[in-house]
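Let's take a walk through a protein chain together, starting with the whole and then stopping at a few residues. Keep the 3D view open while you read.

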Amino acid sequence: MKKIGLTGGIGSGKTTVSKLLEKEGFPVINADEISRQVMEPGSEVLNDVAEIFGSDLIDKDGNLDRAELARRAFKDDHSTEALNGITHPAIRWRTERLFEQYRDEEAVIYDMPLLVENNMVRDMDMVVVVEVPADIRIERLVSSRGLDADDVRRRMAQQATDEERAAVADVIIDNSGTETDLAPQVKKLVEKIHSLS
Ligand code: ATP
């Protein structure tokens, strides 16, 4: 089973590309989804979060106030490390189980925004980077998700740069055009994935 890392900056179109690859028959492991799942109501991680960051973060239905946790956990390095110490082992465990579940597949797509930042490039058989100039990404995120442009810029500044991602890419998907423009690029990518095995 080949591991295909799919990454790109915020709003570059990772989800859009991963859906096209899913249609081509490849299973997708979504890192953001796993991060959310480990903090589902009643989970051990959520109990630990409440113990360290405050039980008022969790409402009566067991749901976490993510925005407030982010405020408390990202206020200094010590708090961030404390949160990572709770969540990272659970995320790692769940990710490994999913890869194991797909071990008989030809290839699995790992949709991971922080692939470069977290030094996971060498664990992949192929790295695919979705690229879109920052101004277009901001425009798309503001119009489609109603995000604040300055907020998006701040998050971009915390991520790897386009140059850093391009430097480790085996394949670059240019998503600056329409979604239709993705089709031939995805087709070429699928051929390249098949040629790995
Ligand atoms: P995030 O970093 O937040 O996880 P992402 O990289 O998964 O985002 P998408 O959610 O696929 O990116 O795309 C971001 C937004 O841009 C979405 O609203 C999506 O519909 C839109 N989008 C993606 N590709 C295109 C395109 N080629 N043309 C216009 N809009 C697009």
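A residue is called buried when its relative accessible area is under 20%, exposed when it is over 50%, and partly exposed in between. Keep in mind that what you're looking at is a predicted model.

Is Lys 188 buried or exposed? Its relative accessible area is 63%, so Lys 188 is exposed. You'll find Lys 188 in helix H9, which covers residues 182-194. Now look for Leu 21: Lys 188 and Leu 21 are 167 residues apart along the chain, yet their C-alpha atoms are separated by 11 Å.

**The whole chain**

Let's zoom out. The chain has nine helices and five strands. If you trace them along the sequence, the pattern reads β-α-β-α-α-α-α-β-β-α-α-α-β-α.

How about the overall dimensions? The C-alpha trace spans about 50 × 40 × 30 Å along its principal axes. For 197 residues, a compact globule would have a radius of gyration near 16 Å, and the chain's 18 Å agrees with that. Of the 197 residues, 39% are buried.

Contacts tell you something too. Take the contacts with a separation of 6 or more: 71% of them join residues 24 or more positions apart.

The chain carries 26 positive and 39 negative side chains, with the centres of the two sets 1 Å apart.

| Residue | Relative accessibility | Class |
|---|---|---|
| Ser 18 | 5% | buried |
| Val 168 | 29% | partly exposed |
| Asn 119 | 52% | exposed |
| Lys 188 | 63% | exposed |

Start with Ser 18, which sits in helix H1 (residues 14-23). What does Ser 18 touch, once you skip residues up to four places away in sequence? The answer is Leu 6, Val 28 and Asp 111. Ser 18 counts as buried because its relative accessibility is 5%, and the cut-off for buried is under 20%.

Next comes Val 168, in helix H8 (residues 162-168). Leaving out neighbours within four places in sequence, Val 168 is in contact with Val 116, Val 121 and Val 127. By contrast, look at Ala 73: Val 168 and Ala 73 are 95 residues apart along the chain, and their C-alpha atoms are separated by 30 Å.

Asn 119 has its place in the loop between strand E3 (107-111) and E4. What's its phi? Phi of Asn 119 is near 55°, a positive value in a residue other than glycine. Most residues other than glycine have a negative phi.

**A pair of strands**

Finally, find strand E4 (residues 126-131), which pairs with E5 in the parallel sense over four bridges.

Strand E5 (residues 171-174) has two faces: Val 171 and Ile 173 make up the covered one, while Ile 172 and Asp 174 make up the uncovered one.

Conventions. Residues are numbered from 1 along each chain as its sequence is written. This is a predicted model: local features need pLDDT of at least 70, side-chain atom pairs count only at pLDDT 80 or more; totals for chains, interfaces and linings use all residues. Side-chain values use heavy atoms; hydrogens and water are left out. The radius of gyration is taken over C-alpha atoms; the globule rule is 2.2 Å times the number of residues to the power 0.38. Buried means under 20% relative accessible area, exposed over 50%, partly exposed in between (1.4 Å probe, protein chains only). Contact means heavy atoms within 4.5 Å. Lys and Arg count as positive and Asp and Glu as negative; His and the chain ends are not counted. The place of a charge is taken as NZ of Lys, CZ of Arg, CG of Asp or CD of Glu. Two strands pair if DSSP finds at least two bridges between them.
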